[in-house]
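Subject: Structure handover

Hi,

Here is the structure I promised to pass on. Please open it alongside this note, and then read on for what turned up.

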Amino acid sequence: MHPPIVEFPVSSWLASVEAALREQALETIESGGVLYFPRLGFELREEELRFLAPTWSDGKSKNIYLRGKERNLRGFAGSEDDALALAALIERYAAEARHLLNELLPAYKASLESSNTSFRPVEAAGRAQSWRHDDSRLHTDAFPSKPTHGRRILRVFCNLNPEGRPRQWRVGEPFPDMARRFLPRLPRYRPWLATAMHKLGITKRRRSEYDHIMLHLHDAQKADADYQKNAPQMAMPFPAGSTWICFSDQVLHAAMGGQYLLEQTLLLPVAALRDPGRSPLGVLEKMLGRALV
Ligand SMILES: [Fe+2]
């Protein structure tokens with residue numbers, strides 16, 4: 001089965017993990033699989049249950065989130081006290097997710113950089129969006145304004161739904177198959193345009209050719225209706241009270257439905273991988289025969 005969705009019998013964020021499970025986790029995630037923890041939920045405190053409502057969203061941003069190192073709450077509509085209480089909940093999730101990753105994937109520990117942590121109280125299905133922002137279409141993640149220069153995007157998701165509704169995902173074909181299909185159709189990288197976009201503040205740093213390709217692969221997958229319908233894929237409902245982890249720049253995924261999700265994003269340098277050749281950067285450089293960063 002691709003992608004491998006491998007179950008792990010870990011039911012506490014603070015669990016210690018045996019060497020054999022660590023090895024399995026590293027192999028699964030680097031090969032483009034999903035680490036799935038069917039019995040690892042995130043406990044809300046009694047006074048936090050009120051945050052399970054879509055009305056806390058400011059309606060402009062898809063998610064409520066703590067941004068990178070700044071840790072200020074964005075996308076939230078409510079009082080200052082409520083903002084502090086919700087930020088504390090999100091921060092607790094960030095700490096627990098990081099703890100689990102350090103235990104499960106100790107090889108990455110020194111190199112992992114925590115980024116945004118989000119709370120997603122709005123129903124994922126049927127949000128009116130442009131095709132490019134429509135995450136119910138299969139895609140690999142790429143950041144338009146924050147070029148990663150090859151760094152991996154690692155994400156920890158936890159379904160908090162109080163009514164027992166699953167987070168409905170579709171997962172697609174292996175990254176190399178997708179890349180082979182779309183690479184010939186992508187527009188050419190223009191270094192002067194990358195420089196101009198950085199100077200104008202459109203991107204936080206200059207887009208490398210790698211970032212250019214990853215963004216256009218994201219768009220090409222989403223824009224192709226035939227690919228969305230007919231490409232190899234499988235449905236995966238992640239139940240309420242479950243957690244899953246993957247490199248979302250590598251795993252083709254689509255969120256078809258579900259409500260109340262916590263998500264932690266982390267960045268990892270390619271050099272920290274056991275096998276950089278399996279990363280999107282390694283795969284694309286091999287296919288194109290040149291350095292992309
Ligand atoms: Fe995504």
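First, a term you'll need throughout: a residue is called buried under 20% relative accessible area, exposed over 50%, and partly exposed in between, using a 1.4 Å probe and protein chains only. Keep in mind that this is a predicted model, where local features need pLDDT of at least 70 and side-chain atom pairs count only at pLDDT 80 or more, while totals for chains, interfaces and linings use all residues. Residues are numbered from 1 along each chain as its sequence is written, and side-chain values use heavy atoms, with hydrogens and water left out.

Arg-71 has a positive phi of about 60° even though it is not a glycine. With 24% relative accessibility, Arg-71 is partly exposed. You'll find Arg-71 in the loop between β3 (64-66) and β4 (73-74). (Strands here are DSSP runs of E, at least two residues, and helices are runs of H or I, at least four residues, numbered from the N terminus.) Tyr-260 is another non-glycine with a positive phi, this time about 75°. Tyr-260 sits in the loop between β10 (253-257) and β11, and is buried, at 6% relative accessible area. For context, most residues other than glycine have a negative phi.

The sheet

β11 runs antiparallel to β5 (residues 113-120), joined by six bridges, and Arg-120 has Leu-261 as its bridge partner. β11 also pairs with β6 (residues 152-159), antiparallel over eight bridges; there, Asn-159 is opposite Leu-261. Elsewhere in the sheet, β2 (residues 34-37) and β9 (residues 243-247) are antiparallel over three bridges, with Leu-35 facing Ile-245.

The cores

Ile-245 comes up again here: in the largest nonpolar core, which has 68 residues, Ile-245 and Leu-284 touch the most other members. Helix α2 (residues 80-104) gives the most to this core, with 10 residues. A nonpolar core means a set of buried Ala, Val, Leu, Ile, Met, Phe, Trp, Tyr and Cys residues joined through side-chain atoms within 4.5 Å. There is also a second, separate core of 13 residues, including Ile-5 and Cys-246.

The iron site

Which protein residues are donors to the iron ion? They are His-139 (NE2), Asp-141 (OD) and His-253 (NE2), at 2.1 to 2.2 Å from the ion. Donors are N, O and S atoms within 2.8 Å of the metal (3.2 Å for Na, K and Ca), and water is not among the atoms, so sites may look incomplete. Along the chain, the donor spacing is H-x1-D-x111-H. His-139 is buried at 3% relative accessibility, and Asp-141 is buried too, with a relative accessible area of 8%.

Cheers

Note on methods. Two strands pair if DSSP finds at least two bridges between them.
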